[in-house]
Amino acid sequence: MKIVIIGSVAAGTSVAAKARRNDETAEIVVYEEGQDISYSVCGMPYFLGGEVETIDELIPRDAKWFKKRFEFDIHTNHRVTAIHPDSKVIEVQNKETGHTKKESYDKLVLATGSYSLTPPPFNLATYNNVFHVKTMDNTKRIDQYMQENSVKHAAIIGSGFIGLEMAEQLTQKGIKVSMIELAKQVFPKIDADMSYHLEEKLKENNVDLYLGDKVDKLEGVQEVTKLQTVNGVVLSVDLVILAVGVRPNTSLAEAAGIQLGETGAIKVNSVMQTSEEAVYAVGDVAESYHLITEQSIYHPLGSTANKMGRVVGDHLTGGSLSFKGTLGTGIFRLFDLTVGYTGLSIEEARDAGFDPIVIHNIKPAHATYLGGENLLIKGVADRKTGRVLGAQIVGPEGVDKRIDVLATAITFKAKSEDLFHLDLAYAPPFSTTKDPIHYTGMVLENARHSLPIVTPEKLMDDLNNQKPIQIIDVRSKSAYDKAHVEQAVHLPMPELRKGASKLDKKRSTVVYCNKGVTSNTAQNVLLNLGFEEVYVLSGGHTNYQYYKKSIKD
């Protein structure tokens, strides 16, 4: 059998390596349009910022290494110009010599990746200081430009993974950064109330944010020297990074009549087979499958690409692997803040037909007497079944551990009550006696039954609409005097049982403390005293103030 693979960054080499491990007799040929292979796209910002000392560290293997280890050929600087599925032939051009040839295949794998978007009015061919951060060639040219020119002010267009990582790295390099984002929040993949913490971290590090805006005018001849936005912002710049997203590189597939899916990527089945029986697609060019909604999604990520590649390499050589899907899990660092997310947001859950509940949980990542700092976890579950549907976490430490636990739990269809029963590792340097994961499960499960919560957003809407509610602040007097929820009366926890007689048991009641633990006790007290409807403010006064500041900003 002859396997031909187009592309060799992440998924392509994974296909080839797995196929060779399974079958020593298969003929495996790889064509790569670029010079470099099997490199770390995700590591590029860290090289440009100086955390990675040499670019060679991002390119651990070359064609010779694969030839020696796995006995297959990778032809770099070769562009595949056409696919002919009926005759099982591709056309290939050697970019260095211009020579073209035809190559037959038994099985063809498309690992053509994705391409970065260039929003108007930018044009990479016109300006030599405007860059994507997508390929090794991009990275080398940015590095060279920064070495040869005085770069004091950079504009970053977009606030996804690459945009935020570049903002961090360029700032740490001493370059002033301005970020322009079309959406009204940073990193639109997560909810606005969680994105607020990213915005605060960027401002704390002197990154200027221009949200709900886009560039519409440029000045400069060979280099962009000044840009102007729709909202009238004018910035003088030395460097521009375009990070507005990627799209699947499907031109070859489309020209060959291979079917695309609803996301715009190549439609595939569970073994990554396309509409052409002998053609497969992996990595950023292929659609993925959401484990919860069971719908096609587009989730371009190196880890997903490697899984897809392994599945195809195994399948082509008689194995039983299939691609099980994804939750869209992601994580990144922003200065000293970590951001992680997995599964569905509350809006996505609602759109998928669930009746979701959402809670906010603020707990230290490990024992506070050993310096543990707070995590903010936003959890989503289905009200009817308790199935955990998603989570978003921000914090300075411990985010990676918790988001991976939650991703694992969601993958195996855990319910909110299951989170509490997880036997997680505990010692004071690493966790608390009840881990933030345990608390998340407890609060979700309580909210499903007799101990409901109210989000800051809902409470603020009720206040604005003058809904008849009574709000009880059970914190200390000093905390209440410093700041409190509008219309809240102060009744500290030690006095609640006696003071409850002055409250209206029939009126909808909201109780809150700093972060939510004491208010849960207060909720139980009032319910046991005969109050008809008592809610806990999700995430307590701390989270309420976060939300209040986020909508003011």
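Modeller: A salt bridge, as the word is used here, is a side-chain nitrogen of Lys or Arg within 4 Å of a carboxyl oxygen of Asp or Glu. Please keep in mind that this is a predicted model. Side chains of opposite charge can pair when their charged atoms come close. The structure holds 24 salt bridges, and one of them joins Lys2 to Glu103, whose closest N and O atoms are 2.3 Å apart. Because Lys2 belongs to strand 1 (residues 2–6) and Glu103 to strand 6 (residues 100–104), this pair ties together parts that are 101 residues apart in sequence. Lys2 and Glu103 are both buried.

Another pair sits within one helix. Arg350 and Glu347 meet in a salt bridge of 2.9 Å from N to O, and because they are three residues apart in helix 9 (residues 346–351), about one helical turn separates them. Arg350 counts as partly exposed because its relative accessible area is 40%, and Glu347 is likewise partly exposed, with a value of 45%.

Thr440 counts as buried because its relative accessible area is 1%, and the cut-off for buried is under 20%. Apart from neighbours within four places in sequence, Thr440 is in contact with Ile359, Asn361, Ile377 and Leu419.

Asn361 also leads us to Leu376, which touches it along with other residues, among them Met194, His360, Val394 and Tyr546, when residues up to four places away in sequence are not counted. Leu376 has its place in strand 24 and is buried, with a relative accessible area of 4%. Although Leu376 and Pro436 are 60 residues apart along the chain, their C-alpha atoms are separated by 9.1 Å.

The loop between strand 23 (356–364) and strand 24 (374–382) takes us to Leu370, which is partly exposed, with a relative accessible area of 46%. Together with Tyr369 and Tyr426, Leu370 forms a nonpolar patch on the surface, and the accessible area of the three is about 370 Å².

Five strands make an open sheet with parallel pairing, in the order 26-30-29-27-28, and its edges are strand 26 (453–454) and strand 28 (488–490), each of which pairs on one side only. Helix 13 (residues 456–464) packs on this sheet, where it touches strands 26, 27, 29 and 30, and its direction makes about 130° with that of strand 27. By contrast, strand 13 (residues 215–219) and strand 14 (residues 226–229) pair in the antiparallel sense over four bridges, with Val215 standing opposite Thr229. These two strands form a hairpin with six residues between them, and Gly220 in the turn has a positive phi of about 125°.

Key
Residues numbered from 1 in each chain as written. Predicted model: local features only at pLDDT ≥ 70, side-chain atom pairs only at ≥ 80, totals over all residues. Heavy atoms only, no water. Pairing = 2+ DSSP bridges. Contact = heavy atoms within 4.5 Å. Axes fitted to C-alpha atoms, helices over the stretch in contact; angles between N-to-C directions. Patch = residues over 30% accessible without salt bridge, like charges linked within 9 Å, V, L, I, M, F, W, Y side chains within 5 Å. Areas by Shrake-Rupley, 256 points an atom, 1.4 Å probe, with all protein chains shown as cover. Buried < 20%, exposed > 50% of the residue type's maximum accessible area, 1.4 Å probe, protein only.
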